[in-house]
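Trainee: I am new to this structure. Can we go through the terms one by one, and can you show me what each rests on?

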Amino acid sequence: MNPQEKVFKDIFEANSKKIYHLCYGYTNDEDAANDLLQETFIKVWQNLAKFREQSQISTWIYRIAVNTCLTYLKKEKRQHKEELTPNIIENKAEEVSDKQNQINQLYACIALLEENERLIITMVMDEIPYPEIAEIAGISDGNLRVKIHRIKQKLTELYNQYEKF
Amino acid sequence: MKNFDSLVDIWQAQNSKPDIDYKTVITQVNKSKNKLILKLFWGLIAMAIALVTILFLWLKTPFSYTTTHISLLVFVICCVYYMVLQIKNLTLLSKNNLTETPKFYIEKIQKFKQLRYKENTRNYFFYTLAIGVGFILYFIEFFSQVNAWVIAVSLMFIILWFLGSYMYILKIYRKREEKAINQMLQDLERIKNQFD
């Protein structure tokens, strides 16, 4: 393994899981999340030499992932978001454990949020520090806090609303 | 009823992991060259070959009609125009920096999409028109040396080519693209505004 591959391997292993969560949260689709993760890390590999250490490597990778997710829209076949009807939840619940069902339901609720809200909330839940999220999203710290407060409320309401079914 | 902290607990208990590893990414790097960049690049190469061929023909053939020289000049201008556009697009694409802020990045994508749409519709019309005029001028000298049948067939070919390009290809393309591009630009605008 050459030195660049070694560096890349370390970067991939340290960041891929969280980036995958971001992509999964954005698309609510396993295959699409894997595609976006791959696309993100291909760009990371291609641009690694340009990384100037002005920010943390994770921030830099997240920025690439966020932009990759946002432009994924143009390839997306404008799928209609799956409405969380009681039937769908019931059928899914039969196939998976309670815990997995809760996770699936959470992802489905995230999919109902606006694009930037999906990205921000997955970073919040993966415990990315607020200043880093603000830097990734290119918005002020104050603005981010307002958004996060609103998204937390919205997601909790959505989850509780559908948990009743 | 759950609060947000309970949702975070659910989130953090998940085992969702990617299906790919770093080796897959490295393997994919060479395979996944940007398709649009390749398309623009090969378009550029094809036009460069066409330009060299026209220049060679122009220099090596003793054309006697001024109209033929004008037609070849029109072809050369069309080739150069096309090449300049491709280079401009390649430059714009290479300037798409994925590490920009999302808002700025989306703005660049929007501009690029708008430019491409303009090129593929309005500019394409003038481009086709210039080539049509170029063909007519080119064939004046040719027509002076052939019989009426050849003239009729050649004129029919030129007219059909022009009408086909404009009436059929461009109209179908416009119809298909207009809906898609408007939807895309609207979506990009909506997403960009989310980052205000």
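Trainee: What makes A:Trp60 count as buried?

Mentor: Its relative accessibility is 9%. Buried means under 20% relative accessible area, partly exposed lies in between, and exposed is over 50% (1.4 Å probe, protein chains only). So A:Trp60 counts as buried.

Trainee: What ground rules apply?

Mentor: This is a predicted model, in which local features need pLDDT of at least 70 and side-chain atom pairs pLDDT 80 or more, while totals for chains, interfaces and linings use all residues. Residues are numbered from 1 along each chain as its sequence is written, chains are lettered from A and ligands numbered from 1 in the order in which they are written, and side-chain values use heavy atoms, with hydrogens and water left out.

Trainee: How many aromatic pairs are there over all chains?

Mentor: The count is 18. Take A:Phe8 and A:Phe12: their ring centres are 6.3 Å apart, with the planes at 40°. Rings of Phe, Tyr and Trp (its six-membered ring) pair if their centres lie within 6.5 Å; planes under 30 degrees apart are stacked, over 60 edge-to-face, the rest tilted. So A:Phe8 and A:Phe12 make a tilted pair.

Trainee: How are A:Phe8 and A:Phe12 placed in helix H1 of chain A?

Mentor: They are four residues apart in H1 (residues 3-27), about one helical turn. Helices here are DSSP runs (H or I, at least four residues), as are strands (E, at least two), numbered from the N terminus. An α-helix has 3.6 residues a turn, so residues three or four places apart point the same way.

Trainee: Is A:Phe12 buried or exposed?

Mentor: Buried, at 4% relative accessibility. A:Phe8 is buried too, at 0%.

Trainee: What kind of aromatic pair do A:Phe51 and A:Trp60 form?

Mentor: A tilted one: 5.1 Å centre to centre, 50° between the planes. A:Phe51 is buried, at 16% relative accessibility.

Trainee: How do you know that A:Arg118 lies over the face of A:Tyr26?

Mentor: The distance to the ring centre is 4.9 Å. The rule asks for NZ of Lys or CZ of Arg within 6 Å of the ring centre and within 35 degrees of the ring normal. A:Arg118 is also one of the buried residues of H6(A).

Trainee: What makes H6(A) mostly covered?

Mentor: Eleven of its eleven residues are buried.

Trainee: How much area do chain A and chain B bury between them?

Mentor: About 4600 Å², 67% of it on carbon and sulfur atoms. In chain A, A:Gln38, A:Asn67 and A:Met125 lose the most area to chain B, together 12% of what that side buries. Buried area is the accessible area (1.4 Å probe) that two parts lose on being put together, summed over both.

Trainee: How many residues are in contact?

Mentor: 58 of chain A with 43 of chain B. Contact means heavy atoms within 4.5 Å.

Trainee: Why is the meeting of B:Arg190 and A:Glu115 called a salt bridge?

Mentor: Their N to O distance is 2.7 Å. The rule wants a side-chain nitrogen of Lys or Arg within 4 Å of a carboxyl oxygen of Asp or Glu. So the pair qualifies. Between chain A and chain B the count is two salt bridges.
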